[in-house]
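Please look over the sequence and the structure shown below before reading on.

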Amino acid sequence: MAKISYYTEEGLNKLKNELNDMKTKGRTEIAKQIAEARDKGDLSENAEYDAAKDAQGMHEMKIAKLEEIMSNARVIDESSIDTSQVAVLSKVKIKNRKNGMEVTYTLVSEEEADLKAGKISVGSPIGKGLLGKKVGETTEIKVPAGMMEFEVLDISRFSE
């Protein structure tokens, strides 16, 4: 069964544009590389030709993966997000109970995750640990550095 992923409209449009670029510009560029390598003579000992064909195979594999993701992608209506508990596209303000540091994250799909922009994947350890929590609840989350305890301070919609 295919895994359904939820996106913001912006995130889904970004994926559509990336797929379109790969199908047009990307394929054209690789075809050019193959043609140039083919013009260099004997294909049986042409490393450039082999590399270009390998690149073509990898490129087509990426396109197929992106098409699969797109076929299972759903846009979330942000106005329907329940802010009583942490869910996909929730903006969550949490406090590290050990050092008192407060951080705000938005929980997004894996493809939209961007830590610098404060967007973490719902599949990440922190994302998984926060799902379903309510304001005031604490949760212990196992991260690569060990166990961390967070308190949920606030939950709002992505666009707020």
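## Strands β3 and β7

Strand β3, residues 90–96, pairs with strand β7, residues 146–157, in the antiparallel sense over seven bridges. Two strands are said to pair if DSSP finds at least two bridges between them. Helices (H or I, at least four residues) and strands (E, at least two) are DSSP runs, numbered from the N terminus. Across this pairing, K95 stands opposite E151 in β7, and N96 stands opposite F150 in β7.

The model is a predicted one, in which local features need pLDDT of at least 70 and side-chain atom pairs count only at pLDDT 80 or more, whereas totals for chains, interfaces and linings use all residues. Residues are numbered from 1 along each chain as its sequence is written, and side-chain values use heavy atoms, with hydrogens and water left out.

## The sheet as a whole

Strands of a sheet pair through backbone hydrogen bonds, either parallel or antiparallel. Here, five strands form an open sheet in the order β5-β4-β3-β7-β6, and the pairing is mixed. Its edge strands, β5 (119–121) and β6 (138–143), each pair on one side only. From one strand to the next, the twist averages 45°.

## The other strand pairings

On one side of β3 lies strand β4 (residues 102–108), which runs antiparallel to β3 and is joined to it by five bridges. K95, already named as the residue opposite E151, also stands opposite E102 in β4. The hairpin of β3 and β4 has five residues between the strands, and G100 takes a positive phi near 75° there. Strand β4 is in turn joined to β5 by three bridges, and these two strands run parallel. V108 has S121 in β5 as its bridge partner.

## The annotated domain

A UniProt annotation from an unreviewed entry, "domain: Transcription elongation factor GreA/GreB C-terminal", covers residues 83–156. UniProt positions are given in the numbering used here, feature names are shortened, and annotations may be inferred rather than shown by experiment.

Helix α1 (residues 9–38) and helix α2 (residues 47–71) have axes that come within 9 Å and cross at roughly 165°. Axes are lines fitted to C-alpha atoms, for helices over the stretch in contact, and angles run from 0 to 180 degrees between N-to-C directions. The helices α1 and α2 are therefore roughly antiparallel to each other, a term used for angles over 145 degrees. The contact of α1 with α2 has 14 nonpolar, four polar and 10 charged residues. In this classification, Ala, Val, Leu, Ile, Met, Phe, Trp, Tyr, Cys and Pro count as nonpolar, Asp, Glu, Lys and Arg as charged, and the others, Gly among them, as polar.

A salt bridge (a side-chain nitrogen of Lys or Arg within 4 Å of a carboxyl oxygen of Asp or Glu) joins the side chains of E67 and K23 at 2.7 Å, N to O. This pair links distant parts of the chain, with E67 in helix α2 and K23 in helix α1, 44 residues apart. By this rule, the count comes to five salt bridges.

Terms used
Angles under 35 degrees count as roughly parallel, over 145 as roughly antiparallel, 65 to 115 as roughly perpendicular and the rest as oblique.
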